Amino acid sequence: MTRDEITTGLAEILEEVAGVTPDDVAEGKSFTDDLDVDSLSMVEVVVAAEEKFGVKIPDNEVQNLKTVGDAVSYIEAQS
Amino acid sequence: MAHTDVVVTGLGATTPLGGDVASTWDAMLNGQSGVSALTPDWAEQLPVRIAAQLAVEPAELLDRIKLRRLDRSEAIAIIAANQAWADAGLADSGLDSERLGVSVGSGIGGALTLLNQDDILEASGPRRVSPHTIPMLMPNGPAAWVGLELQARAGVHSVASACATGAEAITLGMDMIRAGRADVVVAGGTEAVIHPLPIAGFSSMRAMSTRNDEPEKASRPWDKARDGFVLGEGAGVLVLERADHAAARGAQVYARLAGAGVTSDGYDIVQPHPEGVGAIRAITKAITDADIDRGDIMHVNAHATSTPVGDLAEIKALRQALGDHPVLTATKSMSGHLLGAAGALESIATILAIRDGVVPPTINLDDPDDGLDLDVAANKARHLEIPAALNNSFGFGGHNVALVFTRA
């Protein structure tokens, strides 16, 4: 799966869970500061991403995933 | 004792009769029933397959993302509170948020969330349980969300006294203003528990009507053929305001909240005292608190839920506490029983009855029970000058709340 495909997949999750406009989702965007995803919604995003991409994202990793790009890299490395 | 005057300056509701106060009141005056058949598959196995369901779904008014984190009882509390807030004209009034309080309760709380998330837990495991579960099911959730929505900072309270909740929440709001803790309090009740478990629970108590083939006729307070209450869902919210605060900003005033009486039976967890002693004391206290003569009470919006025992016990209490002059009604005949929201919705009906000089009907009162020896606006609205009116609410646990509203 390419980075673009992972980004698109994350954008779908972010729209479903937090109402983020898909066009706003890009690798450089911060989940909290740019996309307004709060901590509870981030938990939902993580669980949905695990399911969608068939990966495990442990709680202690989530704090390192500040931006969409961080998440894409993590998912890319795991899958 | 002279109290700080408290007035009602805004109303909001979403009910089985309408998505707002105007449509709900209109339906009441026209004697419409909000009760209908329950059509989901889960209803098939239940002894009770009718309910008074919301006329307007919350999804028509709140966006999908917001609804994901709200229990249905929270969503409708927000909807009703926003209506009341707009109605009171407080949006851009410059009200100090530290002088704004909230008192919104629920009889049962976020049961739909609890039960739905338990289904997810059983089917998919703990990681799939929503991180929003706790704020959705916590009993203070509706009050907290309303407080957040309106940025209330004088204290957010969540009363729970079963079917007396809405009325008791209004009492607490009045007390906050009288005690000087707030200038404005958004007060009321909310309930949304149309789900097989609560229905099965009430049904096992033999408290609910099983008139499944005639939903609109099922809620029939004081009628000989009544066989229990009909579960309803909805929310009602009042804006209570210190009278001089309302006057200073030139606010509309619907009515005065002149007094309240709250008592507890100390008798049985679900049965009311057979002589209605606790109810009589509550009504008497409310009249004393309002500092009026009982003869001024021309109208009563009764608790009357359509149960065989409760309806007549209340009649006895009203006769003893007030005499036989007031014109009674039971709007639950139309709205169903909104449990924790009932006292709030019925306060709204009481206030509008005073304002418009009309008592809404008690529908389905075709064959009055022998014990009904007071005057009821049966099946048709009745025009009447109402200087003061009473709203009764009683709840499992032996809670009795009586509210007195007077003309502005």
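I looked up the lining of the second largest pocket by residue class: 10 are nonpolar, 6 polar and 7 charged. I count Ala, Val, Leu, Ile, Met, Phe, Trp, Tyr, Cys and Pro as nonpolar, Asp, Glu, Lys and Arg as charged, and the others, Gly among them, as polar.

The model is predicted, so local features need pLDDT of at least 70 and side-chain atom pairs pLDDT 80 or more, while totals for chains, interfaces and linings use all residues. Residues are numbered from 1 along each chain as written, chains are lettered from A and ligands numbered from 1 in written order, and side-chain values use heavy atoms without hydrogens or water.

I noted a volume of about 530 Å³ for the second largest pocket. A pocket here is an open set of points on a 1 Å grid over the protein atoms alone, where a 1.4 Å probe fits, with protein on both sides within 12 Å along at least five of seven lines; lining residues have an atom within 4 Å of a point. Of its 23 lining residues, A:E44, B:R68, B:Q117, B:R128 and B:S130 are closest to the centre. I then checked the elements: α1 (3–18) and α2 (39–53) of chain A and α4 (111–124) of chain B each give two or more residues. α4(B) gives the most, 5 residues. Helices are DSSP runs of H or I, at least four residues, and strands of E, at least two, numbered from the N terminus.

Next I took the largest pocket, at about 670 Å³. I found 35 lining residues, with B:V270, B:P272, B:T307, B:G310 and B:F396 nearest its centre. α11(B) supplies the largest share, 7 residues.

Note on methods:
Grid points are joined across faces, edges and corners, and a volume is the space filled by probe spheres set on the points.
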